[in-house]
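Visitor: I would like to go through this model with you and ask, for each label, what value stands behind it. Please show me the sequence and the structure before we start.

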Amino acid sequence: MANPTSQPTTNPTKTDSWAVRMSDSVLQRSPEFYEKWEYDHGVIYRGLEWVGELTGDPKYMEFVKKHMDHFVDENGVIQRYKADEYNIDHVNNGKLLFSLYRATGDERYKKAAYQLRSQLEKHPRTSEGAFWHKQIYPYQIWLDGLYMGAPFYAEFIREFGDPSEFDDVTLQFKLCYEHTRDPQTGLLYHAWDEKLEQPWCNPQTGCSKNFWGRSIGWFVMALVDVLDYIPEDHADRPALLDMLTETLEALLKVRDKESGVFYQVLNLGHVKGNYLEASASCMILYAIAKGVRKGYLPEHYRQEAEIIRKGIIDEFITITEEGLVNLNKTVQVSGLGGKDRRDGTFTYYISEPIVTNDPKGIGAFIQAMAEAERL
């Protein structure tokens, strides 16, 4: 999404649907077709899909279909997507293919889903069977990757696969949790290097140095989405539910007590330069609100969801003179290693650009508000 050109007014007081208001802002800003098959736009599309379900208004899925059809050709081949890059991020947009296929019966969408499933078939893995985050980041698990790959994988199995394959989905979470969880805080480090070689990792544990808010946000979103597909009697389902509760309990201990939302580097709110960050806060709200609604979390989390929801509106939302909704204070990107030699230090995480209306933040906001409003 492009940054807004209009000056924001004060925070709004309307009580109607924030999910709808942000979705309508997305449609009104009407971005041109994206030239790359990028995961962050899929986060927005997923939110629009659910707002369409919530309102019964077809315009949201019409927008999604138009943008997905820009990539899925008449033969079901995804244009400008390269499976042999083995980038788990590229799987995320595939989540929209299932609802498009169910709604239209168009075999193109099913073929495109199989194309992404084929990537997972050959995707490189750690020695224990966890997907590498990307081929260019060998032997590394990043929390982000659980959201990018696992929900698509699980829904594909439900629609077209063999139930025995669910074991591979739950394995991804078990390995990630085992290797990234800090036993003292219960928080999850952003990434883990099996080879213990990356400059950003602890040479004894392989973990990166800090607890990045959005990365744990991706992880808890992935959990509540995957639980929609894992069978009730699956042996690993209780472990996933425990992961969700344990991680959220750790997160609630480090949120900002005054605003109710979360910091860019979660546990270092007292350190100069750290800041309250929108996308992580929205993702955590989404996980809590959906978790309560679906029975994955105890009922007492409902009040936590309301505290965070109010904090997000107060801290991050402004309205332009034209009535469009802006989401402020989203970190544009945070990664590890690569050509930029991102070192995973606190200084690195607070040095990345902070932007307005980043797609990852907008998509998480729409999804979070849709779930909070369903409560």
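This is a predicted model: local features need pLDDT of at least 70, side-chain atom pairs count only at pLDDT 80 or more; totals for chains, interfaces and linings use all residues.

Visitor: What makes Cys-201 and Cys-207 buried?

Guide: Buried means a relative accessible area under 20%, exposed means over 50%, and partly exposed is what falls in between (1.4 Å probe, protein chains only). Cys-201 has a relative accessible area of 8%, so Cys-201 is buried, and Cys-207, with 6%, is therefore buried as well.

Visitor: How do you know whether Ser-99 and Gln-135 count as buried, partly exposed or exposed?

Guide: Ser-99, whose place is in helix H4 (residues 95–104), has 11% relative accessibility and therefore counts as buried. Gln-135 is found in the loop between helix H5 (107–122) and strand E1 (140–142), and at 39% relative accessibility Gln-135 counts as partly exposed. Helices (H or I, at least four residues) and strands (E, at least two) are DSSP runs, numbered from the N terminus.

Visitor: Why are helices H7 and H9 called oblique to each other?

Guide: Axes are lines fitted to C-alpha atoms, for helices over the stretch in contact, and angles run from 0 to 180 degrees between N-to-C directions. Angles under 35 degrees count as roughly parallel, over 145 as roughly antiparallel, 65 to 115 as roughly perpendicular and the rest as oblique. H7 (residues 166–180) and H9 (residues 237–254) pack at about 40 degrees, with their axes 10 Å apart, and H7 and H9 are therefore oblique. The contact is made by Thr-170, Phe-173, Lys-174 and Tyr-177 of H7 and by Leu-240, Met-243, Glu-246 and Thr-247 of H9.

Visitor: What makes the residues of this contact of H7 with H9 nonpolar, polar or charged?

Guide: Ala, Val, Leu, Ile, Met, Phe, Trp, Tyr, Cys and Pro count as nonpolar, Asp, Glu, Lys and Arg as charged, and the others, Gly among them, as polar. The contact of H7 with H9 accordingly divides into 4 nonpolar, 2 polar and 2 charged residues.

Visitor: Why are H9 and H11 also given the label oblique?

Guide: H9 and helix H11 (residues 301–316) pack at about 45 degrees, with their axes 13 Å apart, and H9 and H11 are therefore oblique to each other. Their contact is made by Thr-245, Leu-248, Glu-249 and Leu-252 of H9 together with Tyr-301, Glu-304 and Ile-308 of H11, and by class it has 4 nonpolar, 1 polar and 2 charged residues.

Methods: Residues are numbered from 1 along each chain as its sequence is written. Side-chain values use heavy atoms; hydrogens and water are left out. Contact means heavy atoms within 4.5 Å.
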